Amino acid sequence: MGNKRGNFFTITCIFIGMMLSTQMVNAQNLIKGKKIFETRCLVCHQADGGGVPNMNPPLDGSTAVNGKDIARMVKIIKNGLDERVAIDGMYYNNAMIAMPDLTAENIADVLSYIRNSWSNKAGLVSLAQVNGALVKNKSNKK
Ligand code: HEC
C-alpha cells in the first residue's frame with residue numbers, strides 16, 4: 001500500500017522534473033536564439049521584428065515565419081534570398097545575405113526565437129526539424 005503510494009510519488013516527481021528541464025532547455029534555446037538574432041538579423045529585420053518598409057520584410061506577424069514551412073526558412077537562412085517575391089503582399093528591395101556558417105543548432109535556436117517573439121506565437125523549431133530540412137533542401141537542389 002505505502003509502497004504503491006511511494007512509487008506514484010516518485011513517478012510524479014520524475015515527470016515534473018522532466019517537464020521543468022524541458023522548459024529550461026527551451027528557455028535556454030530562446031536566449032541563444034535571441035543572441036544570434038541580435039548579431040546576425042537585427043541590422044535588417046530590426047529589434048522589434050518590424051523590418052524596414054520596402055527594404056527588409058517584417059518577421060513580426062509574417063505568415064511564413066509563423067507557418068509550417070520550416071524547410072523554406074532554413075533554406076533562406078543558409079542560402080540567402082533575392083527573389084523579390086511578394087511577402088504578405090509587399091515587395092522588398094534588399095537581398096538577404098546567405099549565412100552558410102550558421103550550424104543547424106544556431107538555425108533551430110534563431111527560428112525558435114523569431115517564432116516566439118513580438119506578437120508571434122508559433123511552435124519552437126527543433127534541431128531534428130532543421131536537420132530534416134537540410135536533407136530535404138539538398139535533395140531538392142537542381
Ligand atoms: C542584409 C539584410 C538581412 C539580414 C542580415 C537578414 N535578413 Fe532576412 N530577409 C532580408 C530580406 C531583404 C528578405 C526578403 C528578400 C526578398 O524579398 O527577396 C528577407 C527575408 C527573410 C525571411 C522570409 C520572410 C517571409 O515572410 O517570407 C525570413 C524568415 C528571414 N529573412 C529571416 C532572417 C533571419 C532569421 C536572419 C538572421 C539569421 C535574417 N533574416 C537576416 C534581409 C535580411
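**Exercise 1. The shell around the ligand**

Task: Find which helices each supply at least two residues of the shell around the ligand, then describe that shell by class.

Solution. 
Step 1. Helix H1 (2-45) and helix H2 (70-79) each give the shell at least two residues. Keep in mind that this is a predicted model.
Step 2. Count the neighbours. The ligand is surrounded by 25 residues. The closest are Cys-41, Cys-44, His-45, Ser-62 and Met-96.
Step 3. Sort the shell by class. It holds 16 nonpolar, four polar and five charged residues.
Step 4. The space it takes is the largest pocket.

**Exercise 2. Cys-44**

Task: Locate Cys-44, decide whether it is buried or partly exposed, and give its C-alpha separation from Ile-14.

Solution. 
Step 1. Cys-44 belongs to helix H1. It is among the residues closest to the ligand.
Step 2. Its relative accessibility is 27%, so it counts as partly exposed.
Step 3. Cys-44 and Ile-14 are 30 residues apart along the chain. Their C-alpha atoms are separated by 44 Å.

**Exercise 3. Helix H3**

Task: Check the span of helix H3 (residues 104-115) and explain why it is largely enclosed.

Solution. 
Step 1. H3 has 12 residues. From first C-alpha to last it reaches 16 Å, close to the 16 Å expected at 1.5 Å a residue.
Step 2. Buried means under 20% relative accessible area. In H3, 10 of the 12 residues are buried, so the rest of the structure largely encloses the helix.
Step 3. The buried residues include Ala-104, Ile-107, Asp-109, Tyr-113 and Arg-115.

**Exercise 4. Two serines**

Task: Find which backbone oxygen each side chain reaches, for Ser-112 and for Ser-117.

Solution. 
Step 1. Ser-112 is in helix H3. Its relative accessibility is 3%, so it counts as buried.
Step 2. The Ser-112 side chain comes to 2.8 Å from the backbone oxygen of Ala-108.
Step 3. Ser-117 is in the loop between H3 and helix H4 (127-140). At 6% relative accessibility, Ser-117 is buried.
Step 4. A polar side-chain atom of Ser-117 is 2.6 Å from the backbone oxygen of Tyr-113.

**Exercise 5. Positive phi**

Task: Describe the setting of two non-glycine residues with positive phi, Arg-84 and Trp-118.

Solution. 
Step 1. Arg-84 has a phi of about 50°. It is found in the loop between H2 and H3. With 43% relative accessibility, Arg-84 is partly exposed.
Step 2. Trp-118 has a phi near 55°. It lies in the loop between H3 and H4. Its relative accessible area is 26%, so Trp-118 is partly exposed.

Note on methods
Residues numbered from 1 in each chain as written. Predicted model: local features only at pLDDT ≥ 70, side-chain atom pairs only at ≥ 80, totals over all residues. Heavy atoms only, no water. Near = heavy atom within 4 Å. 1 Å grid on protein atoms, 1.4 Å probe; cavity = no way out; pocket = protein on both sides within 12 Å on 5 of 7 lines; lining within 4 Å. Sits in = over half its atoms within 2 Å of the grid points. Helix = DSSP H or I, 4+ residues; strand = E, 2+ residues; numbered from the N terminus. Nonpolar A, V, L, I, M, F, W, Y, C, P; charged D, E, K, R; others polar. Expected span 1.5 Å × (residues − 1). Buried < 20%, exposed > 50% of the residue type's maximum accessible area, 1.4 Å probe, protein only. Polar contact = N/O pair within 3.5 Å; in protein donor to acceptor, adjacent residues only side chain to side chain.
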